[in-house]
Amino acid sequence: MKQGFLEQLSSQANQRNRKLFTVLLFVFIGLVACIGFAVKDSVDLTDATTQKFVICFSVVVAFFLVSISYILFYTSRTAVKGQNLILPFQEDTKEAVGKIIDREVAEGKTQVDEYIEIFSDGKKPHGDRILLLPSYLLLCNGMARVTAIPRDKIYWLCAQPARKGYSFLVRLVIFTEKKTFYLEGSDIPHLEEIAEKLYQYIPNVFSDYDPSDLSYELDSLFDKNRAEFLKFYEEKRKADV
C-alpha cells in the first residue's frame with residue numbers, strides 16, 4: 001500500500017535517525033570500553049570515593065544506553081493515521097487531519113515547501129521544514145513530528161533577525177490565535193525568502209512596517225495584552241482590505 005505524505009515523512013526520518021543513533025551507540029560503547037580498559041588496574045573498589053565514582057559512572061552509562069535503546073525502538077515504528085501530528089488547536093482527530101494533509105499533498109496542492117536551512121548540491125536536506133497547504137501550515141522537525149496549524153488561525157508571520165544578546169541568528173515567527181510558534185535558522189536571506197513566499201498566500205497586514213522591529217513589539221504585546229494585539233491586528237487588516 002502506498003504511503004501517504006505523513007507516513008513517508010516518518011519513515012524517512014526514522015531511517016536517518018536510526019543510522020545516527022546506532023553509530024552513536026557503538027561510539028559510546030567503544031568509549032566506555034576504552035575507559036574501562038585504561039583504568040581497570042588502578043581502580044580500588046575498596047575505596048569509598050572510588051565506589052561512589054563507579055556507581056555514578058554506571059548510572060550515567062545505564063541512563064545513556066536506556067535512552068538510546070528507547071530512541072531506536074521509537075524510530076523502528078512508522079507513524080500511521082496521523083500519529084506524528086501535533087494539533088495545537090485540537091480541531092479534529094489526528095487521523096482526520098492526517099487524511100486532509102495526505103490528500104492535499106497527493107493532489108499537488110502544496111503551495112510552499114522549504115527547509116529552514118540551505119543545503120549544498122548533492123546533500124540530502126533534513127531538519128526543520130515548513131509546508132503550506134490550502135488547509136494547514138505544517139512545521140516539521142527532524143524527528144518527523146509535524147505541528148499542523150489551520151490557515152484560518154494564523155494572524156501574521158515574519159522572519160525575525162536576532163538582536164544583540166539573543167542566541168539565534170534568525171527565526172520564522174508565526175502568530176496564531178492561540179500562541180506564537182518559532183522556527184530558528186542560520187541564514188537570514190533564506191528565511192526572509194521563505195516569509196515572502198508565504199506572503200503570496202497569507203496576506204501581510206503589516207507590510208508597511210519593518211518586521212525586525214515590529215515582530216519584537218508584537219511578541220511582547222501578544223504575551224502581555226492579547227486583546228490589544230488583536231485590536232491592532234484587526235485595524236491593520238481592515239485598512240489593508
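The legends below describe close-up views of a predicted model.

**View 1. Packing of helix α1 against helix α2.** Helix α1 spans residues 5–39 and helix α2 spans residues 48–74. The two helices pack at an angle of about 160°, and their axes are 9 Å apart. Because angles over 145 degrees count as roughly antiparallel, α1 is described as roughly antiparallel to α2. The crossing in which α1 passes α2 is left-handed.

**View 2. Residues at the contact of α1 with α2.** From α1, the residues that meet α2 are N14, R18, F21, T22, L24, L25, F28, I29, V32 and I35. Their counterparts in α2 are F57, V61, F64, L65, I68, I71, L72 and Y74. Sorted by class, this contact has 15 nonpolar, 2 polar and 1 charged residues.

View 3. R16 is found in helix α1. With a relative accessibility of 33%, R16 counts as partly exposed. Leaving aside neighbours within four places in sequence, R16 is in contact with H126 and G142. R16 and G142 are 126 residues apart in sequence, yet their C-alpha atoms are 9.3 Å apart in space.

**View 4. The aromatic cluster that includes F206 and F222.** One aromatic cluster is formed by Y155, W156, F175, F206, Y209, F222, F229, F232 and Y233. The count of aromatic pairs in the model comes to 13. A pair of aromatic rings is described by the distance of the centres and the angle of the planes.

**View 5. The ring pair of F206 and Y209.** The ring centres of F206 and Y209 are 6.1 Å apart. Their planes stand at 85°, so the pair is edge-to-face. F206 has a relative accessible area of 1% and is therefore buried. Y209, by contrast, is partly exposed, its relative accessible area being 34%.

**View 6. The ring pair of F222 and F229.** F222 and F229 form an aromatic pair with 5.0 Å from centre to centre. The angle between the planes is 90°, and the pair is edge-to-face. F222 counts as buried, at 1% relative accessibility. F229 is buried as well, with a relative accessible area of 1%.

Technical notes:
Residues are numbered from 1 along each chain as its sequence is written. This is a predicted model: local features need pLDDT of at least 70, side-chain atom pairs count only at pLDDT 80 or more; totals for chains, interfaces and linings use all residues. Side-chain values use heavy atoms; hydrogens and water are left out. Axes are lines fitted to C-alpha atoms, for helices over the stretch in contact, and angles run from 0 to 180 degrees between N-to-C directions. Helices (H or I, at least four residues) and strands (E, at least two) are DSSP runs, numbered from the N terminus. Angles under 35 degrees count as roughly parallel, over 145 as roughly antiparallel, 65 to 115 as roughly perpendicular and the rest as oblique. A crossing is left-handed if the near helix is turned anticlockwise from the far one by less than a right angle, and right-handed if clockwise. Contact means heavy atoms within 4.5 Å. Ala, Val, Leu, Ile, Met, Phe, Trp, Tyr, Cys and Pro count as nonpolar, Asp, Glu, Lys and Arg as charged, and the others, Gly among them, as polar. Rings of Phe, Tyr and Trp (its six-membered ring) pair if their centres lie within 6.5 Å; planes under 30 degrees apart count as stacked, over 60 as edge-to-face and the rest as tilted. Buried means under 20% relative accessible area, exposed over 50%, partly exposed in between (1.4 Å probe, protein chains only).
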